[in-house]
Amino acid sequence: MTEQQQTALPAPPEHPPAVPGPPVPEQPPAVPGPSGPRGRRVLRAVLRWTAAVVVFAAVGAGAAYGITGMERTDVPGLATASDGRWEYPPLTKPPLPSGSPGPQAESNPAGTHHADLRALLLPAPRGAREDKALRGADGWLETEVFLKEYAAKEDRDQFRQQLVDGGLRHIAARGWTTADGTRTRVYLLQFDTAAVVEDTFFRPLFPFSAPSHPVRGAAVVGPDETFPDESAVAGVQRRAYVENEPYAAEQDRQAYLAAGDVLAVVLQSRKGTAPAVPFRQTVVLQSQLLG
């Protein structure tokens, strides 16, 4: 190697080479700045628009944060409409006679409701018109009035005999009509024991598919599979049904509850479509009073 070639070689590095890392993206080539008076005017205009965009972006972000941090009902135009629930008065269970256990107590295997059955009826919601025909004499309803809910004579006759054989003690009832035309009827039928309610009525007469005795006006009835399972009340068994399309002038909803020695019947109907929310609300509240 000649002396001239030696001088052309690069000098060795003073430090060892670094361990190679991930490739660094190439920086875009710098854009040459404008020159001259016209270029400076363009640059000032661009800077003004950039500042305006930044300000508007900051204001927009602040407004969005403010809306997302507020309750929906506080934002005009986004207030959540009522889901259809009725307004009931405050509910309180009637006091038990001194020394009497509740229907779910271990010392009460018969599941007896020692409280006055009439006081366990769900009250009508605010603004509803009560059906005075269901008050009965001293709050006790005649069996024949209850049986009028069922369409066919043979069903009424069969159900009547089943109630007699099951030892029906009495019926307490309440009914009302709300402003939208929804009619509600609640019947509480009391027997001697919880076993009679479950084995004679609830299981054989109200299976999952459909009730054995069709109510008046409900032609094609099936299980209400949309009724939320988490709404179940401890100690209360429930069967809920809804009239399927095509239905006549009214749609019907039904629920049957087994709560100790009480069989509860909740019927609701409305011209057109019977809304689900107030029906479920009524069923759950009545279950809580019985549970």
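Me: In what order do the elements of the protein chain run from the N terminus on?
Reply: This is a predicted model. In it, the order is α-α-β-α-α-β-β-α-β-β-β-β-α.

Me: And how many helices and strands is that?
Reply: Six helices and seven strands.

Me: How confident was the predictor, on average?
Reply: The mean pLDDT of the protein chain is 81. A score of at least 70 goes to 72% of the residues.

Me: Where does pLDDT stay under 50?
Reply: Residues 1-22 are one such stretch. Residues 49-81 are another.

Me: How many contacts beyond four places in sequence does the model have for them?
Reply: Two for residues 1-22. For residues 49-81, the model has seven.

Me: New topic. What share of the residues counts as buried?
Reply: 34% of the 291 residues in the protein chain.

Me: Which residues line the largest cavity?
Reply: The lining consists of S231, A232, V233, V236, R238, L257 and S287.

Me: How do those divide into nonpolar, polar and charged?
Reply: Four are nonpolar, two are polar and one is charged.

Terms used:
Residues are numbered from 1 along each chain as its sequence is written. This is a predicted model: local features need pLDDT of at least 70, side-chain atom pairs count only at pLDDT 80 or more; totals for chains, interfaces and linings use all residues. Side-chain values use heavy atoms; hydrogens and water are left out. Helices (H or I, at least four residues) and strands (E, at least two) are DSSP runs, numbered from the N terminus. Buried means under 20% relative accessible area, exposed over 50%, partly exposed in between (1.4 Å probe, protein chains only). pLDDT is the predictor's confidence in each residue, from 0 to 100. Contact means heavy atoms within 4.5 Å. On a 1 Å grid over the protein atoms alone, a cavity is a set of points where a 1.4 Å probe fits but cannot get out, and a pocket is an open set with protein on both sides within 12 Å along at least five of seven lines; lining residues have an atom within 4 Å of a point. Ala, Val, Leu, Ile, Met, Phe, Trp, Tyr, Cys and Pro count as nonpolar, Asp, Glu, Lys and Arg as charged, and the others, Gly among them, as polar.
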